[in-house]
Amino acid sequence: MDFRQISLVASQLLTLFGLKILGAIALWLIAQRLIDFALKLVRRGFRSQNVDPTLINYLLNIIGVTLRIVLVVAILGFFGVETTSFAALLAGAGIAIGAAWGGLLANFAAGAFLIVFRPFKVGDFITTAGVTGTVTELGLFTTGINTPDNVLTIVANNKIFADNIQNYSANPYRRVDLVAQLHHEVKHNEAIALLKAKISQIPNVLQNPAPDVEIQDFNFAGPVLAVRPYCNNDHYWQVYFDTNKAIRETFSEAGYPIPEYRYAVSGSSAHAINNVIPPLSEIT
């Protein structure tokens with residue numbers, strides 16, 4: 001075989017390989033479009049059956065990953081790669097990766113348990129793993145939480161499952177905890193009555209249970225009132241800030257004096273203080 005024949009064969013092989021590459025790219029792009037379309041149909045079908053959004057996202061992630069693995073195997077078969085050998089290789093690689101990345105599998109298992117036990121769902125406002133916010137997605141390995149300052153925080157599922165979870169959306173209402181400082185001379189029963197009437201007028205404050213206003217503590221300035229209205233979780237911060245305003249406005253309208261700390265100094269203590277602090281003439 002001379003050089004011209006070798007060049008012709010090489011050109012044919014390169015052409016065939018190039019056509020296969022183009023075919024594989026076209027197959028990948030078309031299959032990706034079909035997978036996305038199929039996932040949309042599945043999502044629409046789940047929604048029509050009123051399946052929970054948390055479960056929908058989790059199942060779609062599993063289906064999407066599975067279909068893409070099948071696609072990769074199909075493309076390798078298109079190039080003539082023995083898929084049975086590839087499957088064995090993939091299984092062996094999976095075991096090796098699983099041993100090396102135990103945390104990844106732990107996150108996957110934790111995600112499955114979160115789906116089964118359902119401590120929260122997409123849209124709930126929770127605190128877990130040191131993060132507080134609204135759950136946007138429960139994925140295969142991580143959970144997306146949007147914090148109140150609009151920062152999307154991605155938390156590993158295993159970290160959530162191993163930590164305490166506070167779900168503020170689980171109950172129909174929650175309590176706002178605030179305090180109000182009174183002056184010594186203020187009649188506490190009058191202040192309590194005025195605050196209860198004012199807070200009850202705040203929008204979105206529940207009347208059942210009614211707001212709690214009681215003496216919580218005492219300090220050098222006077223009694224400290226616990227001010228506790230109840231509201232739906234969606235209205236928490238609005239009620240929180242409006243209650244602070246109500247405390248300020250109520251005490252101002254009633255003409256209450258500004259709280260101040262009071263200390264009683266006896267004669268012996270005053271004499272001791274005078275001995276410690278030198279006269280001004282000596283300092284200058």
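Select Glu-253 to start: with 63% relative accessibility, Glu-253 counts as exposed. The class follows from cut-offs on relative accessible area: buried means under 20%, exposed over 50%, and partly exposed in between (1.4 Å probe, protein chains only). This is a predicted model, where local features need pLDDT of at least 70, side-chain atom pairs count only at pLDDT 80 or more, and totals for chains, interfaces and linings use all residues. Residues are numbered from 1 along each chain as its sequence is written, and side-chain values use heavy atoms, with hydrogens and water left out.

**Stop 1**

A salt bridge here is a side-chain nitrogen of Lys or Arg within 4 Å of a carboxyl oxygen of Asp or Glu. By this rule the count comes to 7 salt bridges. Lys-198 is partly exposed, because its relative accessible area is 23%.

**Stop 2: the two helices**

Now show α6 (residues 188-200) and α7 (residues 236-253) as cartoon. Their axes come within 10 Å and cross at roughly 135°. Helices (H or I, at least four residues) and strands (E, at least two) are DSSP runs, numbered from the N terminus. Axes are lines fitted to C-alpha atoms, for helices over the stretch in contact; angles run from 0 to 180 degrees between N-to-C directions.

How are α6 and α7 set to each other? They are oblique. Angles under 35 degrees count as roughly parallel, over 145 as roughly antiparallel, 65 to 115 as roughly perpendicular, and the rest as oblique. The α6 and α7 crossing is right-handed. A crossing gets that label if the near helix is turned clockwise from the far one by less than a right angle, and is left-handed if anticlockwise.

**Stop 3**

Go to the loop between α6 and β8 (212-219), where Pro-209 has its place. Asn-208 and Pro-209 are joined by a cis peptide bond, with omega about 5°. Asn-204 lies in the loop between α6 and β8 too. Check its backbone: phi of Asn-204 is near 75°, a positive value in a residue other than glycine. Asn-204 is partly exposed, because its relative accessible area is 36%.

**Stop 4**

Which residue forms a salt bridge with Asp-177 at 2.6 Å between the closest N and O atoms? Arg-175 does. Arg-228 also meets Asp-177 in a salt bridge, 3.6 Å from N to O. That pair links distant parts of the chain: Arg-228 belongs to strand β9 (residues 222-228), while Asp-177 is in the loop between β6 (174-175) and β7 (178-181), 51 residues apart.

Color the three by accessibility. Asp-177 is partly exposed at 41%. Arg-175 is partly exposed at 34%. Arg-228 is partly exposed with a relative accessible area of 27%.

**Stop 5**

Move to the loop between β1 (125-128) and β2 (131-138), and pick Ala-129. Phi of Ala-129 is near 50°, a positive value in a residue other than glycine. Is Ala-129 buried or exposed? Ala-129 is buried, because its relative accessible area is 14%.

Next, pick Thr-147, in the loop between β3 (142-146) and β4 (152-156). Thr-147 is buried, with a relative accessible area of 13%.

**Stop 3: Pro-119**

Select Pro-119, in the loop between α4 (102-117) and β1. Pro-119 is partly exposed, with a relative accessible area of 30%. Draw another distance, to Asn-167: the two C-alpha atoms are 7.5 Å apart, and the residues are 48 apart along the chain.

**Stop 4: the nonpolar patch**

Finish with a surface view. Select Leu-19, Ile-21, Leu-22, Ile-25, Trp-28, Leu-29 and Val-72, which make a nonpolar surface patch of about 630 Å². Patches are made of residues with over 30% relative accessible area and no salt bridge; like charges are joined within 9 Å, nonpolar side chains (Val, Leu, Ile, Met, Phe, Trp, Tyr) within 5 Å. Accessible areas come from the Shrake-Rupley method with a 1.4 Å probe; for residues, only the protein chains shown count as cover.

Helix α1 (residues 3-48) gives the largest share of the patch, 6 residues. Trp-28 has its place in α1. At 32% relative accessibility, Trp-28 counts as partly exposed.
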